[in-house]
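Biologist: I have the sequence and the model open. Can we go through them in short questions?

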Amino acid sequence: MSDNQLRLVWIYPDLLSTYGDQGNALVVERRARQRGLDVARLDVRSDQPIPTSGDIYLIGGGEDRPQRLAAERLRRDGHLHQAVQNGAIVFSVCAGYQILGHEFVNDLGQRQPGLGLLDVVSVRGEGERCVGDVLGDVDPRLGLPPLTGFENHQGVTHLGPTARPLARVRLGKGNGTGDGTEGAYNDTVFGTYMHGPVLARNPQIADLLLKLALDVNALPPIDDRWYEALRNERIAAAQQPA
Ligand code: GLN
């Protein structure tokens, strides 16, 4: 961070913003401002260059065709790699998550290269589309409460040795591999299948991104009773017999 200003970059809202993913940018921005930070938010359309000086980058989900276009343009642009090398934090959802991996299967049924920023590979699931509520216990190293969200994807994502699962599902499919994992992360790059928007439902993830970007261990608390009520409602609903 320079000049005490947090630079938040929302990548390709014209292609990747389904199921309210725009809310993720709003939540990070608001929670940063609530901590007295000056925030510069940049929404970068797919015909514009990605800036390399951002602190946090957000990428949302999308249908198969926009996903293919977004991956092509991000690879051609090349700047997200540079940003990550500069220490930027990246948080991605669904199609965005698949794009950050080594490859995925696109709308033409072809294996398409991703950005290789996460050690994951996505294939087209043979079974039913994964649609519905998700409840997951986060990797204990991240110190976060159970996550809730909503998934809708056909892709199935396999993790390589340098990607850690973000969570283990109690409800839902997550990565869809049948091993109960949901999402993936390494030191600075995160991916999840959860929409919701996921940061509105799990503001502690937004705070994790802020802590990593600011290089601090704690942030001033915020009154999160409303969010907690929503989480508790979803957990209770998950425990109801189907
Ligand atoms: N097109 C991808 C899939 O179906 C991602 C969908 C999404 O982003 N919701 O797997």
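Biologist: In what order do the six strands of the open sheet with mixed pairing stand?

Modeller: Strands here are DSSP runs (E, at least two residues) and helices are runs of H or I (at least four), numbered from the N terminus. Two strands pair if DSSP finds at least two bridges between them. On that basis the six strands form an open sheet with the order S2-S1-S3-S4-S14-S13.

Biologist: Which strands stand at the edges, each with a single partner strand?

Modeller: A single partner leaves one side of an edge strand without a neighbour in the sheet. That holds for S2 (38–44) and S13 (184–185).

Biologist: How are residues numbered, and what pLDDT do local features need?

Modeller: Numbering starts at 1 along each chain, as its sequence is written. This is a predicted model: totals for chains, interfaces and linings use all residues, side-chain atom pairs count only at pLDDT 80 or more, and local features need pLDDT of at least 70.

Biologist: Which residue of S2 is the bridge partner of Val9?

Modeller: S1 (residues 5–11) and S2 pair in the parallel sense, over seven bridges. The bridge partner of Val9 in S2 is Leu42.

Biologist: Which strands are the edges of the open sheet of four strands?

Modeller: This sheet has antiparallel pairing and the order S9-S8-S11-S12. The edge strands each pair on one side only: they are S9 and S12 (181–182).

Biologist: Is S10 largely enclosed or open, and how many of its residues are buried?

Modeller: S10 (residues 155–159) pairs antiparallel with S7 (residues 120–124) over five bridges, and Arg124 stands opposite Gly155 there. A residue is buried if 20 or more other C-beta atoms lie within 10 Å of its own, exposed if 12 or fewer, and partly exposed in between; C-beta atoms are placed from the backbone. S10 is largely enclosed by the rest of the structure, because its buried residues number four of the five.

Biologist: Which residues does UniProt list as "active site"?

Modeller: The entry is unreviewed. UniProt positions follow the numbering used here, feature names are shortened, and annotations may be inferred rather than shown by experiment. The record's "active site" positions are Cys94 and His195.

Biologist: They are spread over 102 residues of sequence; what is the largest C-alpha distance?

Modeller: Despite that spread, the two cluster in space. The largest C-alpha distance is 7.7 Å.

Biologist: Is Cys94 buried or exposed, and which residues is it in contact with?

Modeller: Cys94 sits in the loop between S4 (89–93) and H4 (95–100). It has 29 C-beta neighbours inside 10 Å, so it counts as buried. Contact means C-beta atoms, placed from the backbone, within 7 Å. Leaving aside neighbours within four places in sequence, Cys94 is in contact with Gly61, His153, Tyr193 and His195.

Biologist: How many other C-beta atoms lie within 10 Å of His195?

Modeller: His195 is in the loop between S14 (189–192) and H5 (198–201). Its contacts include Thr18, Gly61, Cys94 and Asn152. His195 is buried, and the count of other C-beta atoms within 10 Å is 23.

Biologist: Which residues surround the ligand?

Modeller: A residue is near a molecule if its C-beta atom, placed from the backbone, lies within 6 Å of it. H2 (64–77) and S9 (147–153) each supply at least two residues of the shell. The surrounding residues are Thr18, Gly61, Gly62, Glu63, Asp64, Gln67, Cys94, Ala95, Asn152, His153, Gln154 and Gly155.

Biologist: By class, what does the shell around the ligand have?

Modeller: Ala, Val, Leu, Ile, Met, Phe, Trp, Tyr, Cys and Pro count as nonpolar, Asp, Glu, Lys and Arg as charged, and the others, Gly among them, as polar. The shell has two nonpolar, eight polar and two charged residues.

Biologist: UniProt lists Arg129 as "binding site"; which residues does Arg129 touch?

Modeller: That entry is unreviewed. Arg129 lies in the loop between S7 and S8 (130–138). Its 13 C-beta neighbours inside 10 Å are why it counts as partly exposed. Not counting residues up to four places away in sequence, it touches His153 and Gln154.

Biologist: What radius of gyration does the protein chain have?

Modeller: The radius is taken over C-alpha atoms, and the globule rule is 2.2 Å times the number of residues to the power 0.38. With 242 residues, a compact globule would come near 18 Å; the chain agrees, at 17 Å.

How values were computed:
Contact = placed C-beta atoms within 7 Å.
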